[in-house]
Amino acid sequence: ASREDIDASSPWNRALLNAVPHALLKAIRQFNASNLRYSWLQYLPLRPPLSAFFERLETITLQLLSSQPILESISGELAVPQSMKYVPDSFRDSNGVPLTLCGSTRHRYLSHRYASPDWPILQRLGVGRLSVEEFLSDLKIFVNTHESEFRQKSHDWHSWLALVLAPMLTVTSDFTVTSNFRTAASILYSLQIVPLDRKSVV
């Protein structure tokens with residue numbers, strides 16, 4: 001029999017279909033306890049449905065997985081995809097470490113161990129990409145809440161941060177003020193982020 005011949009009205013068949021996402025979740029939990037912890041994403045069967053009977057399978061699978069702690073954060077703990085952020089390279093330092101990584105963010109930043117090609121499926125699971133506004137908000141939290149850790153950052157780190165922030169504070173050739181400028185200016189002007197001698201900042 002082909003997939004087109006599946007009896008969609010059968011309670012048994014519907015029960016089997018509804019059990020698939022839970023079976024997959026169980027397998028993922030086993031993968032997360034093995035050396036497949038960072039590579040199982042490529043095996044998720046997310047593709048166009050093969051028949052009308054399977055149309056809901058991807059939807060219910062994503063709904064279940066996106067609400068379960070199945071992805072690793074930078075802290076090393078498993079977290080719910082919907083609560084996590086992927087930090088793009090533009091907000092990382094020269095070593096690939098998020099510039100705003102601190103005690104308040106490490107539990108919600110996605111681990112860098114996942115492969116870049118996995119981003120589309122990570123996004124479908126509910127992982128968000130850190131936006132300019134969120135980056136600036138996290139920078140504010142870092143500076144104001146983790147002052148000691150911030151003051152210990154190297155000059156190279158501050159130089160890299162400056163390279164990231166400078167474009168946000170750039171006015172266009174026709175003197176148009178962008179939304180990023182307004183957001184950045186409102187936050188940065190209130191922060192003491194410029195390092196001086198003797199570990200002081202202004």
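## A friendly note on this chain

1. To get your bearings, count the elements: the chain has seven helices and four strands. Please keep in mind that this is a predicted model. Reading from the N terminus, the elements come in the order α-α-β-β-β-α-β-α-α-α-α.

2. If you take the contacts between residues at least 6 apart in sequence, 68% of them join residues at least 24 apart.

3. Now look at helix H1, residues 11-31. How far apart should its ends be at 1.5 Å a residue? The 21 residues of H1 should span 30 Å, and the C-alpha atoms at its ends are 31 Å apart, which agrees. H1 does have a kink of about 30°, found at valine 20, shortly before proline 21.

4. Which residues of H1 are buried? They are Asn13, Leu17, Pro21, Leu24, Leu25 and Ile28.

5. H2 itself is mostly covered, with seven of its nine residues buried. Those residues are Leu57, Glu58, Ile60, Thr61, Leu62, Leu64 and Leu65. What do they pack against? The buried residues of H2 pack against H1 and H3.

6. The loop between H1 and H2 holds glutamine 42. Is this residue buried or exposed? Glutamine 42 has a relative accessible area of 54%, and because the cut-off for exposed is over 50%, glutamine 42 counts as exposed. Its side chain reaches the backbone oxygen of serine 39 at 3.0 Å.

7. Glutamate 72 has a relative accessible area of 7%, and since buried means under 20%, glutamate 72 is buried. Which residues is glutamate 72 in contact with, leaving aside neighbours within four places in sequence? The list is Arg37, Tyr38, Glu77, Leu78, Met84, Leu110, Ser111, Arg113 and Tyr114.

8. Finally, the aromatic rings. The count comes to six aromatic pairs. One of them joins phenylalanine 91 and phenylalanine 135, which are stacked with 4.4 Å from centre to centre and 10° between the planes. This pair links distant parts of the chain, 44 residues apart: phenylalanine 91 sits in the loop between strand S3 (85-86) and helix H3 (119-124), and phenylalanine 135 in helix H4, residues 132-145. Both phenylalanine 91 and phenylalanine 135 are buried. Elsewhere on the aromatic list, Phe142, Phe150 and Trp157 form one cluster.

Key. Residues numbered from 1 in each chain as written. Predicted model: local features only at pLDDT ≥ 70, side-chain atom pairs only at ≥ 80, totals over all residues. Heavy atoms only, no water. Helix = DSSP H or I, 4+ residues; strand = E, 2+ residues; numbered from the N terminus. Expected span 1.5 Å × (residues − 1). Bend = angle between axes of the 7 residues up to and from the residue. Buried < 20%, exposed > 50% of the residue type's maximum accessible area, 1.4 Å probe, protein only. Phe/Tyr/Trp six-rings, centres within 6.5 Å; stacked < 30°, edge-to-face > 60°. Polar contact = N/O pair within 3.5 Å; in protein donor to acceptor, adjacent residues only side chain to side chain. Contact = heavy atoms within 4.5 Å.
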